[in-house]
Amino acid sequence: MSTSSFTQLDVWAKAHQVTLAIHAITDRFPPRERFSLAHQMWKAAVSVPANIAEGYGRRHARDKARFYTIAEGSAEELKYYLILSRDLGYLKEFDQLWPMIEDVSRMLRRLVDKTLSFT
């Protein structure tokens, strides 16, 4: 099935849900973490769906794959921040968030592979 917008991609929708969850969670972090760990988590989380959107808008498969790969890297970065936040005692929702971001990572790997198969 063809899509007419990045918002129709399942991977984008899941990444967007993760981003919304991260926003809500980091709002509850201690004030001293708002401009450090919380900010880094927010940037990594936002980068995932933003790079999916930018990749979708590219015309050439290699360009698309490059942005989807950047999204993959941001998802991996976010995983570390989730681990760190859990270990610091800031994140009680780890068990709900981890499978979500793992799913996004798997979907992105498949999307990159599929995109590159068209080159």
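**Notebook: salt bridges and one helix pair**

I looked up Arg106 and found that it forms a salt bridge with Asp103, with the closest N and O atoms 3.9 Å apart; a salt bridge here is a side-chain nitrogen of Lys or Arg within 4 Å of a carboxyl oxygen of Asp or Glu. The two residues are three apart in helix α4, so about one helical turn separates them. Helices are DSSP runs (H or I, at least four residues), numbered from the N terminus. I noted Arg106 as partly exposed at 35% relative accessibility (buried is under 20%, exposed over 50%, partly exposed in between, with a 1.4 Å probe and protein chains only).

The model is predicted: local features need pLDDT of at least 70, side-chain atom pairs count only at pLDDT 80 or more, and totals for chains, interfaces and linings use all residues. Residues are numbered from 1 along each chain as its sequence is written, and side-chain values use heavy atoms, without hydrogens and water.

I then searched the whole structure and recorded eight salt bridges. A network of them links Lys14, Glu76, Lys79, Glu102, Asp103 and Arg106.

I next examined Arg28 and Glu93, whose side chains meet in a salt bridge at 2.2 Å, N to O. Arg28 lies in the loop between α1 (10-26) and α2, and Glu93 in the loop between α3 and α4 (94-116), so the pair ties together parts 65 residues apart in sequence. Arg28 is exposed at 54% relative accessible area, whereas Glu93 is partly exposed at 21%.

I also checked Glu54 and Arg58, which form a salt bridge at 2.7 Å, N to O. Glu54 is partly exposed at 35% relative accessibility, and Arg58 is partly exposed at 31%.
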